[in-house]
Amino acid sequence: MPRLLLLVLLLAASPSRAGTVASECWASCRRHVADPSLRARTCGACVTGGRVDSWVASLGKGGVEAQQALASALTDSSWRVRWAAVRAEARSRGLTERRALADWIMDTPPDADLGACLTAVRAAADSGRSTADFLREAGARGPSAAARVWAKRDAVRQSLALEMFSQEPSVRLPALLHLATFQGRSATRVVMDAVASRPVAGDAVMAELLSAVAERQHASVGRLLLTEAKPPDEAVINRLFAVYSRELDVLRPDLTSNDVQRRRTAVATLRRYGPLAKRELEGALGDDDGRVRELAARGLAESAGKPLRDVALQGVKDSESAEAARPWLGAMSHEKGCFAFLRDVAEGRNARTPEVQGEAVAFMGDCTEGPPPTRRLAPFLSSNVIPVRAGAVRALGALPRNGDAMALAAKALEDGAPEVVVAALDVLSAYRQPSRGDEAAGLLESDHPVVRAAAARALEFVGRAAHVRVLAERLRGDPVADVRIAAARTLTALGGPHAVAALSEAATHDADTHVKHVSAEGLRRLGFGR
């Protein structure tokens, strides 16, 4: 293949890391394969191979030129290329890969064997084994080769530690993991030792590297450090904490953003810090968005190094209000074992108040375990505990649209408890049931302000033009501002001349400034006023 065409293919293969690897592979192949014909047959593997050593494998079956290329590849700066050359040579000689590796180490003069020793260390670590264990299967020369590698341990450590600070981020994590395996230590301890031995200027690189380790282990940097730390490590811990504190400072504005997606992303990012972000995670438990609350609850469980169920159970037991229990119940509603967990809370075994019981029932609509949904909720719909009945009705709104759920919600409109009626109105609104518009309009006459406000809100979704008149009457004469606000918003949605007249009157004469503002905004949306 012409050199120019191959280069174009390499660059077009991907502009990302894959493209970089292909370019590195191409450069490596050209560096070691001198024969033009062999180069044309070999380097093309870089286009589809996806690895820096993709070109090496085919050389094991070649002639003199191929063997010369393999010998040259043993001097490459990439251990993967060196290891690929050892493996190709092993195939050509009919040896095991580890036997060929041991031979290479032992046949290299001691003053020039660092490359061979590093290759052994990294190949062994890449398979999750110590070098001695890896070379144990290399035949008679294996133990001697392992001893040669161990004799070079200081030089190996220095070489890998240097790669941990490489300008190329993709090089750092493998170097750290390989060094940790070689030394038989945790990756966290290796990072801490590196920080202790280097100036503060390198702390950000090590902090980022530890974050990569935490992500790989599904843990947090705070938990890794707290698990590994000993009293002499205080100065190192403080240096890393300082880096993470600056990162947390950058994240904090997003935690209060009006953009819910930014808040979700920020809280998801907080989880990598674990105990270091405990205050921020606890604050996010009170967010208006359920996904944000769930992420915060999961982050706090991970911070404590405990299963979510254990932390959630304690959180619910400590909660005196539905709001306090909500994040833990919401998180558990998507976990294995959700039905048993929520049922125990709903039945009062792990709840301090009826409101917490009702909140647990409400989340049963999100849980996919247990009996069919309507059968699961039936006992709670007939409970003597009002918040539990209300919670069961709210759970109906989370179910897939079906006739049974709608019928149960409609029946709840007749409940004597205002909390249950409000929940039923909210569910029917979510189902967009215009056939329930007259029932909602009739509830505008309820003795309970919360029911009147919920009925006014529901008419935005189930109301018709005929309901504008009764909504206008509520806006003009209801004694409770929340009801008038709900009526003004629904009149804005329904529109029409009667709605405009009522909104105009309220914007001018209502005694409550919030009602005036909502009414004026409604007029503006309908094309009247500024």
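This is a predicted model: local features need pLDDT of at least 70, side-chain atom pairs count only at pLDDT 80 or more; totals for chains, interfaces and linings use all residues.
Residues are numbered from 1 along each chain as its sequence is written, and side-chain values use heavy atoms, with hydrogens and water left out. Local features need pLDDT of at least 70, side-chain atom pairs count only at pLDDT 80 or more, and totals for chains, interfaces and linings use all residues.

**View A. Glu-359 in helix H23.** Helix H23 covers residues 354-362; helices are DSSP runs of H or I, at least four residues, numbered from the N terminus. Glu-359 is buried, at 2% relative accessible area (buried: under 20%, with a 1.4 Å probe and protein chains only). Leaving aside residues up to four places away in sequence, Glu-359 touches Ala-322, Arg-326, Leu-329 and Arg-394 (contact: heavy atoms within 4.5 Å).

**View B. The aromatic pair Tyr-244 and Tyr-273.** The whole structure holds three aromatic pairs (rings of Phe, Tyr and Trp, the last by its six-membered ring, with centres within 6.5 Å). In this one the centres are 5.7 Å apart and the planes stand at 70°, so the pair is edge-to-face (planes over 60 degrees apart). Tyr-244 sits in helix H16 (residues 234-255), and Tyr-273 in the loop between helix H17 (260-270) and helix H18 (278-284). The pair therefore ties together parts 29 residues apart in sequence. Both Tyr-244 and Tyr-273 are buried.

**View C. Arg-198 over the face of Phe-165.** The distance to the ring centre is 4.4 Å (charge over a ring: NZ of Lys or CZ of Arg within 6 Å of the ring centre and within 35 degrees of the ring normal).

**View D. His-218 in a loop.** The loop runs between helix H14 (203-216) and helix H15 (221-228). His-218 is not a glycine, yet has a positive phi of about 55°. His-218 counts as exposed, at 73% relative accessibility (exposed: over 50%).

How values were computed:
Helices (H or I, at least four residues) and strands (E, at least two) are DSSP runs, numbered from the N terminus. Rings of Phe, Tyr and Trp (its six-membered ring) pair if their centres lie within 6.5 Å; planes under 30 degrees apart count as stacked, over 60 as edge-to-face and the rest as tilted.
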